[in-house]
Amino acid sequence: MTMTDSQVPPTTSIPIESCRTDDYLDLLPMFVAEAQRALIELGAALDAGEIEEARRIAHRIKGSAATYGYVDLSARMAALEDRMRAGESIPTGAGAKLGDWSVALEKGLLELGLAPLVR
């Protein structure tokens, strides 16, 4: 399957020419499943006030998202990581908002005609 620019999920900006699209499409469901798990872990850590653990998870998501071309998610995780590193307060209930990002990742897979991995 070959991907065109119009098929790239809206939360990505990966240049199609820079990747082997068949490999990208094969790996994308695995990335999304792992990112969804990590977002759940991040939310739990934030809600529990475990800032150092949350910072570590945000860092991991940031790197993985950048690798797969999800620059918006990567940038948001970088900003969150920076806030935690600087000791800024994180709003109560911030973890619950991460579910929207998880849904957006899965929606992007479906828009590409790819099935999410069974959780």
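Student: Is the crossing of H1 and H3 left-handed or right-handed?
Tutor: The crossing of H1 and H3 is left-handed. A crossing gets that label if the near helix is turned anticlockwise from the far one by less than a right angle, and is right-handed if clockwise. This is a predicted model, where local features need pLDDT of at least 70 and side-chain atom pairs count only at pLDDT 80 or more, while totals for chains, interfaces and linings use all residues. Residues are numbered from 1 along each chain as its sequence is written, and side-chain values use heavy atoms, with hydrogens and water left out.

Student: At what angle do H1 and H3 cross?
Tutor: Roughly 25°, and the axes of H1 (residues 21-47) and H3 come within 14 Å. That makes H1 roughly parallel to H3. Axes are lines fitted to C-alpha atoms, for helices over the stretch in contact, and angles run from 0 to 180 degrees between N-to-C directions. Under 35 degrees counts as roughly parallel, over 145 as roughly antiparallel, 65 to 115 as roughly perpendicular, and the rest as oblique.

Student: Which residues make the contact between H1 and H3?
Tutor: Leu 39, Leu 42 and Leu 46 from H1, with Met 77, Leu 80 and Met 84 from H3. Contact means heavy atoms within 4.5 Å. By class, this contact has 6 nonpolar, no polar and no charged residues. Ala, Val, Leu, Ile, Met, Phe, Trp, Tyr, Cys and Pro count as nonpolar, Asp, Glu, Lys and Arg as charged, and the others, Gly among them, as polar.

Student: And H1 with H4, what's the angle there?
Tutor: About 175°, with the axes of H1 and H4 (residues 94-111) 8 Å apart. H1 and H4 are therefore roughly antiparallel to each other. The residues that meet include Phe 31, Leu 39 and Leu 46 in H1, and Leu 98, Trp 101 and Leu 105 in H4. By class, that contact has 14 nonpolar, 4 polar and 2 charged residues.

Student: Leu 39 again. Is Leu 39 buried or exposed?
Tutor: Leu 39 is buried, at 3% relative accessibility. Buried means under 20% relative accessible area, exposed over 50%, and partly exposed in between (1.4 Å probe, protein chains only).

Student: What is Leu 39 in contact with?
Tutor: Leaving aside neighbours within four places in sequence, Leu 39 is in contact with Ile 61, Met 77, Leu 98, Trp 101, Ser 102 and Leu 105. The C-alpha atoms of Leu 39 and Ala 54 are separated by 9.7 Å, and these two are 15 residues apart along the chain.

Student: Different spot. Where is Ser 74?
Tutor: In helix H3 (residues 71-85). Ser 74 is buried, with a relative accessible area of 10%. Not counting residues up to four places away in sequence, Ser 74 touches Lys 62, Ala 65 and Ala 66.

Student: What about Arg 56, which helix is that in?
Tutor: Arg 56 is in H2 (residues 51-67). Arg 56 counts as partly exposed, at 38% relative accessibility. From Arg 56 to Met 84, the C-alpha atoms are 9.9 Å apart in space, and the two residues are 28 apart in sequence.

Student: Zooming out, how many helices and strands are there?
Tutor: There are 4 helices and 0 strands. Helices (H or I, at least four residues) and strands (E, at least two) are DSSP runs, numbered from the N terminus.

Student: And how much of the chain is buried?
Tutor: Of the 119 residues, 40% count as buried.
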